[in-house]
Amino acid sequence: MKNLILSTAVLALTAGVAAAETVRLGTEGAYPPYNFLNDAGEVDGFERELGDELCKRAELTCEWVTNDWDSIIPNLTSGNYDAIIAGMSITDERKEVVDFTQGYTQPSPSAYAALAEGVDVNSAAVAAQSSTIQSGHVATTGATLVEFPTPDETVAAVKSGEVDAVLSDKDYLNPIVAEGGLVFIGDVYLGGGIGMAFRKSDADLRGKFDAAIASMKADGSLNALLDKWEIEGKF
Amino acid sequence: MGFYVSFGTVLLLLAVTAPVSLSFGFFGAMAARARFAPLSWLGKGYIAIVRGVPDIAFFLFFVIALDQGIEYLLHSVRCPDWTDPIRQGSDFVVCDSAKMPLNSSPQWIHEVYGFSLAVLTFAIVFGAFAGNVLFGAMNSVPRGQIETAEAYGMTHRQAFWRILVPQMWIYALPGLSNLWMVLIKATPLLFLLGVEDIVYWARELGASKTARFTDYPHGDWRMWYFLALLIFYLAFTKVSEVVLERITKKLSHGQATVGGEAQRKAA
């Protein structure tokens, strides 16, 4: 009886929207140009446009959700959302926990940036966002790794002099360096391109998005999007 | 905009959590002093376990456990034919109609659900502390009061509701006001639970913005946003202190405490 009441209540709450299959897309919302919150507080950026287009092609209804980077994979596997589309590079370690689609960017350069040239990135203190390919890379060099939960804090740490340099995706640092204050001091190639991540048990859904990405590559619309958001590398 | 709404979120959390955790505490204390042994163990166990675990560990554990527990129950009821295992590696998989809330629900329902889980967790944690305070307060009411009640022929139940409960509040108040202050200061834990509260927005809005992605570019303003939060919390606790002071005065009236005695002499 209780269950009946409960299910009726849930049905009543969700009546009318239950028709189409809804896919919840998880993103970080703090990583321009890939994903960020615009002035209206909505998710915006390259991945917002890409995701909306992919959902249209896969004939799915999509809903955007933001989540902290640190817990973005655990919250996917526990089912809070169905896909991660958050500038996440395809790596072997992550593949042990989640499944990726094919990459929708080329393997892109990461770059070191500092207040001035002449920083030795193999011995200096280098900031990187925690649980990223960049922090993994810094740990393998002789540099002192200083981790931060958000990309913005890594840049703030360089500007305040807390660390000597920051290692991040070059596409993320480009507009920051262009505004002045920081200079690039070197590139390094990491990761295997950026892809969407799905639960391992969700092969169907992953297939749909994989096909949609392939079709966007084929008709050149993906390249147009990459151009629009000034992200390096084309297909 | 989200920033201003989030102040409402925090105030709503306080408004809902305070009475709920007080009632949790009241039942906990009632159970703890019950004459029926298993009930008393239950009350004492609840108070001891929750009080003994760090808040943050409890928050992180309980929200996930509660969510998965609810989904597991719904799953057993709605999809009895489901044969796949629920735990597949690190994946937690339940059938679509057992998702809580449903995948197809609009985002605000997800937010309300997340918020309710947070409130429930807050209530359980602070309920245990309130339970301990009330338990102590019930034992602080002078024994003579109860004896007199019994001498007048009141039953155990009558003595509890008519004599003990009205008088215990003055003994509970210092502890409860302390709890209220701690609760106010614990609200930023919402941020840990993924609710977009004022700390989340202060960090998001204070982060430096480049001109390409916003109409209002600025540098790192987090310090100023957090300073504003500091002032907000300070002002809020100050107001609380004033209100609690008045309640103490009112409750002391006619009580056999130092405060009550001072009021009697002044009159």
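## Surroundings of F148(A)

Leaving aside residues up to four places away in sequence, F148(A) is in contact with A127(A), Q129(A), S130(A), E153(A), T154(A) and A157(A). The model described here is predicted. F148(A) belongs to strand β10 of chain A, which covers residues 144-148.

F148(A) counts as partly exposed because it has 19 C-beta neighbours inside 10 Å, whereas a buried residue needs 20 or more. Between F148(A) and K170(A) there is a sequence separation of 22 residues, and their C-alpha atoms are 17 Å apart in space.

## Packing of helices α2 and α8 in chain A

In chain A, helix α2 (residues 46-57) packs with helix α8 (residues 203-218) at an angle of about 110°, and the two axes are 9 Å apart. The pair is therefore described as roughly perpendicular, since angles of 65 to 115 degrees fall in that class.

On the α2(A) side, the contact is formed by E53(A), L54(A) and R57(A). On the α8(A) side, F209(A), A212(A), I213(A), S215(A) and M216(A) take part. Sorted by class, this contact comprises five nonpolar, one polar and two charged residues.

## Annotated regions

For chain A, an unreviewed UniProt entry assigns the domain "Ionotropic glutamate receptor C-terminal" to residues 22-233. In the model, residues 22-233 of chain A are 34% helix and 26% strand, with 31 Å between the end C-alpha atoms.

For chain B, UniProt (unreviewed entry) gives the feature "transmembrane region" at residues 46-66, 112-139, 159-176 and 223-244. Residues 46-66 of chain B are 90% helix and 0% strand, and their end C-alpha atoms lie 16 Å apart. Residues 159-176 of chain B are 100% helix and 0% strand, with end C-alpha atoms 23 Å apart.

Conventions: Residues numbered from 1 in each chain as written. Chains lettered and ligands numbered in written order. Predicted model: local features only at pLDDT ≥ 70, side-chain atom pairs only at ≥ 80, totals over all residues. Axes fitted to C-alpha atoms, helices over the stretch in contact; angles between N-to-C directions. Helix = DSSP H or I, 4+ residues; strand = E, 2+ residues; numbered from the N terminus. Parallel < 35°, antiparallel > 145°, perpendicular 65-115°, else oblique. Contact = placed C-beta atoms within 7 Å. Nonpolar A, V, L, I, M, F, W, Y, C, P; charged D, E, K, R; others polar. UniProt positions renumbered as here; feature names shortened; annotations may be inferred. Buried ≥ 20, exposed ≤ 12 C-beta atoms within 10 Å, placed from the backbone.
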